[in-house]
Amino acid sequence: MLTDAQIYDSLIQTNALRKGHFQLTSGRHSDTYVQCARVLEDPTLTLELAKEAVARLPKDIDIDVVAAPAVGGILIGFAVAQALGKRFIFSERQNGEMVFRRSFELAPGTKVLVVEDVVTTGGSVAEVIKLVEEAGAQTVGVVSLIDRGGDKKFTADFWPLLTLEVASWDRQDCRLCKDGVDIYSPGSRRLTK
């Protein structure tokens, strides 16, 4: 069993916590970025985190499939599916919209756990949940490695491994922009606001 302190230490040891001026996938700005890809470079650590995520799920949860948004959710989503012994699918962007490609399908009534690496507003998660609902399937909850805090764009039950209260701002309120600090957008998609 991993403690929150051990999970946090894994972020430090892998240099996943970064400081600077960042545009997040949500479009918001922050002085802190969690680059989970650095954690997920280590297959052993990834599997340990996935097993911990599964251990923290409610014991009576019924899951048929794990689904994750590309790109950030793919590795941890696959690892969670492996820990559960369940099928894994992922969504990706096509013409700016999240879709299931590669012949991935969900039968009506399928119970789906959505997995993401980092959640700020949960925009990508909400898009996956919409795809699940459009297929007639049911989202039973959401797992993430990190919850950056703040309001979410989804209402499903949410079980992050670690919550980090990291400040973020709309572009017009960003003090770093006002100070002329160069911005970096390390996420898997860039939004313009």
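Modeller: Helices and strands here are DSSP runs, numbered from the N terminus. Keep in mind that this is a predicted model.

Biologist: Fine. In what order do the elements of the protein chain run from the N terminus on?

Modeller: They go α-β-β-α-α-β-α-β-β-β-α-β-β-α. Counted up, the protein chain has six helices and eight strands.

Biologist: And how compact is the protein chain?

Modeller: The thing to look at is the radius of gyration against a rule for globules. The protein chain comes out at 16 Å, close to the 16 Å the globule rule gives for 193 residues, so it is as compact as a globular protein of that length. Its C-alpha atoms fill a box of roughly 50 × 40 × 25 Å along the principal axes.

Biologist: What share of the residues is buried?

Modeller: Buried residues are 47% of the 193 in the protein chain.

Biologist: Let's talk charges. How many positive and negative side chains are there?

Modeller: There are 23 positive and 26 negative ones, and the centres of the two sets lie 4 Å apart. Ten salt bridges are found in the structure.

Biologist: Which residue does Asp4 form a salt bridge with?

Modeller: With Arg56, where the closest N and O atoms are 3.1 Å apart. Asp4 sits in helix 1 and Arg56 in the loop between helix 3 and strand 3, so the pair ties together parts 52 residues apart in sequence. Asp4 is partly exposed, at 43% relative accessible area, and Arg56 is partly exposed too, at 28%. A network of salt bridges links Asp4, Glu52 and Arg56.

Biologist: What parts does the salt bridge of Arg175 and Asp31 tie together?

Modeller: That pair meets at 3.1 Å, N to O. Arg175 belongs to helix 6 and Asp31 to strand 2, so the bridge ties together parts 144 residues apart in sequence. Another salt bridge joins Arg38 and Glu41 at 2.8 Å; Arg38 is partly exposed at 30%, while Glu41 counts as exposed at 52%.

Biologist: Now Asp117. Is it buried or exposed?

Modeller: Asp117 is buried, yet it has no salt bridge. The nearest side chain of opposite charge is Arg148, 10 Å away, whereas a salt bridge needs nitrogen and oxygen within 4 Å.

Biologist: Where is Asp117 found, then?

Modeller: In strand 6, residues 111-119. Leaving aside neighbours within four places in sequence, its contacts include Cys36, Gly72, Gly73 and Ile146.

Conventions
Residues are numbered from 1 along each chain as its sequence is written. This is a predicted model: local features need pLDDT of at least 70, side-chain atom pairs count only at pLDDT 80 or more; totals for chains, interfaces and linings use all residues. Side-chain values use heavy atoms; hydrogens and water are left out. Helices (H or I, at least four residues) and strands (E, at least two) are DSSP runs, numbered from the N terminus. The radius of gyration is taken over C-alpha atoms; the globule rule is 2.2 Å times the number of residues to the power 0.38. Buried means under 20% relative accessible area, exposed over 50%, partly exposed in between (1.4 Å probe, protein chains only). Lys and Arg count as positive and Asp and Glu as negative; His and the chain ends are not counted. The place of a charge is taken as NZ of Lys, CZ of Arg, CG of Asp or CD of Glu. Contact means heavy atoms within 4.5 Å.
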